[in-house]
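This briefing covers selected features of one protein model. Please read it alongside the sequence and the coordinates.

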Amino acid sequence: MPPSSLRVVYAFAREMHPKTTDVFIEYGTAGFRTKASLLEHVVYRMGLLAVIRSRVKNGRTIGMMITASHNLEPDNGVKLIDPEGEMLEQSWEEIATRLANVSDNDLEATTAEVIKQVNADMGLKASVFIGMDTRYTSPRLAAAAVHGVMALKGTAKEFGIVTTPILHYCVRCRNDNTYGTPTEEGRKYGPYSLVGTPGERGYYEKIVGAFKNIRGKLPVHGSYNTTLYVDGANGVGGKKLNIIKKSLDGELDLVLYNLGGNGGKLNLNCGADFVKVSQTPPVGVEHAPFQRVASLDGDGDRLVYYYLDNNNKMHLLDGDKIATLLASYVTELLKACEATDLKLGLVQTAYANGASTKYITEDLKVPVSCVKTGVKHLHHAAQSYDIGVYFEANGHGTVLYSDKAKTTIRRIAQEGEPEQRKAAQLLLNFIDMTNETVGDAISDLFLVETVLCARGQNVKDWMEAYTDLPCRQLKVTVQDRNAISTADAERRCTAPEGLQSRIDELVATYKSGRSFVRPSGTEDVVRVYAEADTQENADKLAAEVSQAVFDLAGGVGDRPLA
Ligand code: 16G
Ligand code: MG
């Protein structure tokens, strides 16, 4: 494409999506995320970048998801999805940031510069899949994305309102037709049965089809019961479960709340992030003690469970509990099919409860690694195992199976002894039910329900595998959160000077104490995490460390935030 044809890049910017703010914006942990009113020019420009990225990847499809996940309604965001359904390659984050921040007058020249820098062949075809969450600002932003794609003569396909993981799945399928069909509903086979080859299945057929298939092999027994309550965060995940619910034929009885009607506001006092951070149940969900409740976040990529006891005290089953449940079950099946050469490992972040890490190492005897916060880091680390289970404590995670693992398990399912074959076939269904592109609340929900059903366990049995250490998360506003630097997968703080030694001193005074601080990638705050032997001590330690951050890292206001 000759440079003159980039004029339209400027024309669209000036006429339709002008940059109206000078606030600097950065492609962070999960793309750009801020007030929706500041984003239109950014999303338009990401449409441009998605086309360039697609051409650099030889015309393979790139995804653009318009969402601010668990943030409240006024926010929005955009992130790019790479051809395998993974997060945008990290080295492109700086390019995204540069393109988002130049003036409209410099946009044409900067676009040309980027094209040259990444050596994109602008004569190639380009394809971009666009999805959005339920925010009222999303359609307008999705339109800006389409204009960005058009301005560089790419082809945009809009998926409308989808969960983030559904879009990741569709991008992967579009580029690898053995993984599935790039649609939500699928085309060929009726209500989500597991027929045909994997490559012929749409999203629901893949997940729900595999669940039904496995349920046919695992009758309900023990203290498992098929009723599951769900908090949909008033976002997109609950809406999709409402579609799936109709095809479940009593294999799972979903009772859905917070689906976005009745004035319920997205993520407001509900959803996975609220439940995890505040350690309180969501508003709008009513249930008896010991009822299993699953809570999703606004864009359907996080899942936590909880229940209330007889005293109305909440018990949380977070990403660590889900990770250990899935890892222990897959380990059991691997043993049963005698696939001893397959190495399973688990990936966590510093937020993982210390008790979970101890349980994984000492009881499950599974290797565990700790990486920086953010799905891309976990996903990457999980790829180094034959089977890699990764979860953030906040409920974002999935299981990755290498080609070697899949081939081995398929072979055993066909050639093994009868007991081995049975275990391998269950494992194949388990793999089918997994969205390997990214953490997926809907897929994870069906995986958890499968394990509980297979073991005949209720939510209390699940909880009893190990006991979490009480913990607390706080945030502190400082002048410049980037004044905080960390090392050792965010477990130690290397700047400002003196902060880590102060944290060490404080932690040493608590039994089972642990604490770390890190600058948030999505909010202008420093996050503080603490755990200790009692809730009172965890709360105290968190407050003391917050005070230390406030004092040593330039706190703003009178005192740290509660
Ligand atoms: C984003 C990340 C999530 C991480 C969170 C941390 C993705 C898709 N999402 O939501 O993994 O836990 O940021 O937020 O990577 P924070 O930096 O504000 O603590
Ligand atoms: Mg999310």
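In what order do the three strands of the open sheet lie? The order is β15-β19-β18, and the pairing is antiparallel. The model is predicted, so local features need pLDDT of at least 70 and side-chain atom pairs count only at pLDDT 80 or more, whereas totals for chains, interfaces and linings use all residues. Residues are numbered from 1 along each chain as its sequence is written, chains are lettered from A and ligands numbered from 1 in the order in which they are written, and side-chain values use heavy atoms, with hydrogens and water left out.

**The sheet**

- Helices (H or I, at least four residues) and strands (E, at least two) are DSSP runs, numbered from the N terminus; two strands pair if DSSP finds at least two bridges between them.
- β15 (471–476) and β18 (514–519) are the edge strands, each pairing on one side only.
- From one strand to the next, the twist averages 15°.
- β18 and β19 (residues 526–531) pair in the antiparallel sense over six bridges, and Arg518 has Arg527 in β19 as its bridge partner.
- A hairpin of six residues connects β18 to β19.
- β15 and β19 also run antiparallel and are joined by six bridges; Gln473 has Tyr529 in β19 as its bridge partner.
- Strands of a sheet pair through backbone hydrogen bonds, either parallel or antiparallel.

**Surroundings of the sheet**

- Six of the six residues of β19 are buried, so this strand is largely enclosed by the rest of the structure. Buried means under 20% relative accessible area, exposed over 50%, and partly exposed in between (1.4 Å probe, protein chains only).
- Val526, Val528 and Ala530 point one way from β19, while Arg527, Tyr529 and Glu531 point the other way.
- Helix α18 (residues 535–552) packs on the sheet and touches β15, β18 and β19; contact means heavy atoms within 4.5 Å.
- The direction of α18 makes about 20° with that of β15. Axes are lines fitted to C-alpha atoms, for helices over the stretch in contact, and angles run from 0 to 180 degrees between N-to-C directions.

**Packing of α2 and α3**

- Helix α2 (residues 40–56) packs against helix α3 (residues 93–101) at an angle of about 130°, with the axes 9 Å apart.
- The two helices α2 and α3 are therefore oblique to each other. Angles under 35 degrees count as roughly parallel, over 145 as roughly antiparallel, 65 to 115 as roughly perpendicular and the rest as oblique.
- His41, Val42, Arg45, Met46 and Leu49 in α2 meet Ile95, Ala96, Leu99, Ala100 and Asn101 in α3.

- Ser485 lies in strand β16 (residues 485–487) and is partly exposed, with a relative accessible area of 30%.
- Neighbours within four places in sequence aside, Ser485 contacts Arg492, Cys493, Thr494 and Ala495.
- The C-alpha atoms of Ser485 and Pro496 are separated by 7.3 Å, the two residues being 11 residues apart along the chain.
- Ala495 and Pro496 are joined by a cis peptide bond, with omega about 0°; Pro496 is found in the loop between β17 (492–495) and α17 (499–508).

**Positive phi angles**

- Most residues other than glycine have a negative phi, and most peptide bonds are trans.
- Ala233, in the loop between β6 (227–231) and α8 (236–245), has a positive phi of about 60° and counts as buried at 0% relative accessibility.
- Ser512, in the loop between α17 and β18, has a positive phi of about 55° and counts as partly exposed at 41% relative accessibility.
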